[in-house]
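Thank you all for making time this morning. I would like to walk you through one structure, going piece by piece, so please keep the view open while I talk.

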Amino acid sequence: MKISKGLVSAAAATTLVMGLMVAPAAAEKLKIATEGAAPPFSTVTADGKLAGFDVDIANALCAEMKIECEIVAQDWDGMIPALQARKFDAIIASMTITEERKKQVAFTNKYYSTPLALAGLKDTTVTGTEPAALEGKTLGAQGSTMQATYAQDVYAKAGAEVKLYPTHEDAATDLVNGRLDAIITDKFVLVDWVKNGNGKDCCKVIGDVKGTEAQIGIAIRQGEDALRERFNAAIDAIVADGTYKKVQAKYFDFDIY
């Protein structure tokens with residue numbers, strides 16, 4: 001039986017299209033961004049590798065979704081613009097879910113919760129976290145963050161001078177060197193810093209900032225609902241099967257979920 005060239009071409013085209021449709025699933029890969037400058041959530045090791053809670057959670061989620069993932073470092077200020085520019089597919093970088101950010105990106109369900117907290121030198125004269133306690137004091141925060149917004153909206157209006165920095169580590173360095181009276185950031189970052197970091201010998205956590213507990217989520221581009229739901233299902237799965245607790249135990253001796 002003769003088969004026309006047209007039918008052969010059509011069949012070949014169909015096979016090619018079907019192959020292209022299948023290929024992405026087989027070669028599926030996600031690129032995930034983290035900051036690399038906010039221990040214990042993300043840091044860069046001496047040999048140049050990314051490590052920390054956010055990195056381990058990202059790897060656990062990718063394993064649960066059976067997706068190959070590449071984790072890359074991205075400066076905080078450019079994090080959302082780089083996501084929108086498709087330089088990577090998701091942000092797992094301790095990003096607080098806020099209404100303002102929801103105008104730019106979509107968020108998964110939370111993967112942990114945290115309040116803000118203040119830290120100061122061990123002999124600090126800042127005795128509380130209420131706005132009046134910072135009157136006339138100099139407070140440092142990482143720019144483009146929830147804590148920066150809170151510092152400017154609350155503490156600055158109560159008479160504090162607020163200084164913003166590219167990273168938490170930059171603000172912490174100025175505190176250690178006596179150029180700030182206090183710093184404000186996520187509680188768990190501060191707890192680790194005074195327990196294991198450069199703040200161990202000089203500094204202390206002054207206290208939690210009341211009413212600031214927030215949820216931390218994974219940011220993806222708006223409209224990518226299928227990816228968001230895959231992440232949500234993976235978060236639920238690693239919490240349910242104990243993987244989350246194993247990761248958490250490497251960094252915290254208390255529940256942060």
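Predicted model: local features only at pLDDT ≥ 70, side-chain atom pairs only at ≥ 80, totals over all residues.

Now let us turn to one of the sheets, an open one in which five strands follow the order β4-β1-β5-β12-β6 with mixed pairing. At its edges lie β4, residues 68–73, and β6, each of which pairs on one side only, and neighbouring strands in this sheet are turned by 25 degrees against each other on average, if direction is ignored. Helix α8, residues 225–240, packs on this sheet, where it touches β1, β5, β6 and β12, and its direction makes about 25 degrees with that of β6.

How much of strand β12 is covered? Of the seven residues in β12, which runs over residues 214–220, six are buried. Strand β5, residues 90–96, pairs with β12 in the antiparallel sense over three bridges, and there Ile91 stands opposite Ala219. Strand β6, residues 106–114, also runs antiparallel to β12, and six bridges join the two; in this pairing Phe107 has Ala219 as its bridge partner, while Ser113 stands opposite Gln215.

There is another open sheet to look at, with five strands in the order β9-β8-β10-β7-β11 and, again, mixed pairing. Its edge strands are β9, at 161–165, and β11, at 203–208, each pairing on one side only, and its neighbouring strands are turned by 30 degrees against each other on average, direction ignored. Strand β7, residues 116–121, runs antiparallel to β11 and is joined to that strand by five bridges, with Lys204 in β11 as the bridge partner of Gly120. Two helices deserve mention here: α6, residues 168–176, packs on the sheet and touches β7, β8, β9, β10 and β11, with its direction at about 155 degrees to that of β10, whereas α7 touches β7, β10 and β11 as it packs on the sheet, with its direction at about 120 degrees to that of β10.

Leaving out residues up to four places away in sequence, Phe188 touches a set of residues including Pro40, Phe41, Tyr112, Ser113, Phe252 and Ile256. The C-alpha atoms of Phe188 and Leu116 are separated by 8.6 Å, although the two residues are 72 residues apart along the chain.

The other residue is Asp192, also placed in α7, which is buried yet has no salt bridge, as Lys195, the nearest side chain of opposite charge, is 7.5 Å away. Apart from neighbours within four places in sequence, Asp192 is in contact with Pro39, Pro40 and Gly197.

Methods
Residues numbered from 1 in each chain as written. Heavy atoms only, no water. Buried < 20%, exposed > 50% of the residue type's maximum accessible area, 1.4 Å probe, protein only. Helix = DSSP H or I, 4+ residues; strand = E, 2+ residues; numbered from the N terminus. Pairing = 2+ DSSP bridges. Contact = heavy atoms within 4.5 Å. Axes fitted to C-alpha atoms, helices over the stretch in contact; angles between N-to-C directions. Lys, Arg positive; Asp, Glu negative; His and termini not counted. Salt bridge = Lys/Arg side-chain N within 4 Å of Asp/Glu carboxyl O.
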